[in-house]
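Please open the model in your viewer and keep the selection tool at hand.

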Amino acid sequence: MPASYLADIIALLVAAVVAVPLAQALRLGAVPGFLLAGVIVGPSGLGLISNIDDISHLSEIGVVFLLFIIGIEMKPSMLWQMRRLVFGLGSLQIIFTGLLFSALAYFLFNIPANAAILIGPTLALSSTAFVVQLIAGQKLLTSSYGRSSIAVLLMQDLAVVPLLALVPLLSATELTINEDIWLTLIESVAIVTMVVFLGRYFLHPILHRVALSGSPEVFTASAVLIVMGTALATEHAGLSMAMGAFLAGMLISDSFYRHQVIAEVQPFRGLLLGMFFMSMGMSLNIQLLLDMPLLTLALLALLIAVKVAALFPTGFLFGLKIKSSLAVSLILAQSGEFSLVLFSLAHQSGLLPTELFQQLLLVVLLSMLITPLLARWAEQLAKATDKRADATDQDIHEAPIVLAGFGRVGHSIGEILARSDKPFVALDSNAANVNRERANGHPVYFGDVRKPEVLNSAGASNAKVIIVTINDPEATEEIVASLRQTYPDKHVYARGHSLTQCQLLSQLGATGVVSENIEASLELARMALSSLGEQGDKLNNTIEDYRLTCHARIASPAQIHANTTVKDHH
């Protein structure tokens, strides 16, 4: 790697480490922190980085990974349920908002017709990467506000395809549609159909074979290959890489390898997505803002006002409540990353003059910077309307009980929970075992429970109880310690072996620990005493007294105090 690239990466990391925590401390969120970090190191700031194009090309992969994970969470069945919002609300938003912006550009700002035709629908687009990140952080993806926002964003991503084809047509001296456009369209449909077919019938068997190999490195490589390979295929088809990644995610959404795939992809997504927002910050022209502050702020206010005015009544027309409709219009009031791409292509083709291009770029980036403030307002409105997420939209992986391990012990616990009508989700790293249990109807997913990302993806953050049943003492200790640190208020129960290990697990924060050796000893002793004539209360008291003695030795002083308090309370 050339020394210049290494210096650029170090500069980006230092800026992010400083700016992101500062932005979070000011309750602005991580994304504005990344944008500010880009401004600091970019040409308008300290000028530490000059090769913005190279970094922006690499950082676009972050959006690809984000859309892949969204696709995994957005199952085809859910998308089908949202078809009215996607193709109805989403289409109307683009058409209505685009017409308003095009009319303003042509009649108010005297922009040529061919440029105004592109500017309108391009400004109608919002930032998928930014908005989804914010809604996920608000934990409102399953609310009507979250679903409606995602539906509009999906339609906007689909609209990028014809808009990309529109750029060369509008740039031409004569607007003509030749046979190449139709050939491109046919090729796009063919490649997307092939991707869906291959994913539907070959993706799961391939992941199964990789999982059976037992190599985590190969599984990581396979997960990254799925994302990048699908993105590249759809890009060749004329679609965006992000749309291809979304499609790949949806193909994996019904697979029981989904949680492990998410865990493998998450680190790439976080780092590259941060780099994407920093590259956008580096593109910000601060000098233009200083030269024409009133005009820039007026254009920014006009952008937000038009998008809110267009989307608010449209959402209300599609059955959203007033507060939800206003929340959706506020969270989508910015322009996004695809707007930057389209304007850049239009500038390169000569459709947009440099001065107009720089002004549009500045307004789009400023709209993203103020989005966290609008998102906070939108969150308050959404929570006032949606007191809770619809239970019908929750998947089984959001069950109140998570089993870390589904071997002999986990299987028995699962059977008891099923007989008690208690929903649960289980994770196991044995692909053959997972395949067998899935065939028997158990909600078991493939995943390495030692990775916090896997447990989080499986719904540990929403679960009330987490039970660690794996037959690995060291891994059990590692998992219990991690769970207690990450989820201090959750009930964490663990399977132990010896009394010493049970004591250690208790000290690490387990709510309760059961020693299989002790329980086996108690039952064997009960059988032996019973065969010798001991029975009734004397036998039960002897066994129970010893059990309580062992549990008292296992429990920490804090737990003993808590148990005593509970008994006194009752």
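The stops below cover a helix, a nonpolar core and a pair of helices.

This is a predicted model, in which local features need pLDDT of at least 70, side-chain atom pairs count only at pLDDT 80 or more, and totals for chains, interfaces and linings use all residues. Residues are numbered from 1 along each chain as its sequence is written, and side-chain values use heavy atoms, with hydrogens and water left out.

Select first residues 113–124, helix α6 (helices are DSSP runs of H or I, at least four residues, numbered from the N terminus). Of its 12 residues, 9 are buried, that is, under 20% relative accessible area with a 1.4 Å probe, protein chains only. Among them are L118, I119, P121 and L123.

Next, select F68, Y145, Y257, V261, F277, I331 and L455, which touch the most other members of the 165-residue largest nonpolar core. Such a core is a set of buried Ala, Val, Leu, Ile, Met, Phe, Trp, Tyr and Cys residues joined through side-chain atoms within 4.5 Å. Helix α8 (residues 144–171) supplies the largest share of this core, 12 residues.

Remain on F277 and display its contacts (heavy atoms within 4.5 Å). Leaving aside residues up to four places away in sequence, F277 touches V31, F34, L35, A129, F130 and M368.

Select α16 (residues 337–348) and α17 (residues 354–369), whose axes come within 10 Å and cross at roughly 175°. The two helices are therefore roughly antiparallel (over 145 degrees, between N-to-C directions of lines fitted to C-alpha atoms over the stretch in contact, on a scale from 0 to 180 degrees).

Terms used: Parallel < 35°, antiparallel > 145°, perpendicular 65-115°, else oblique. Expected span 1.5 Å × (residues − 1). Buried < 20%, exposed > 50% of the residue type's maximum accessible area, 1.4 Å probe, protein only.
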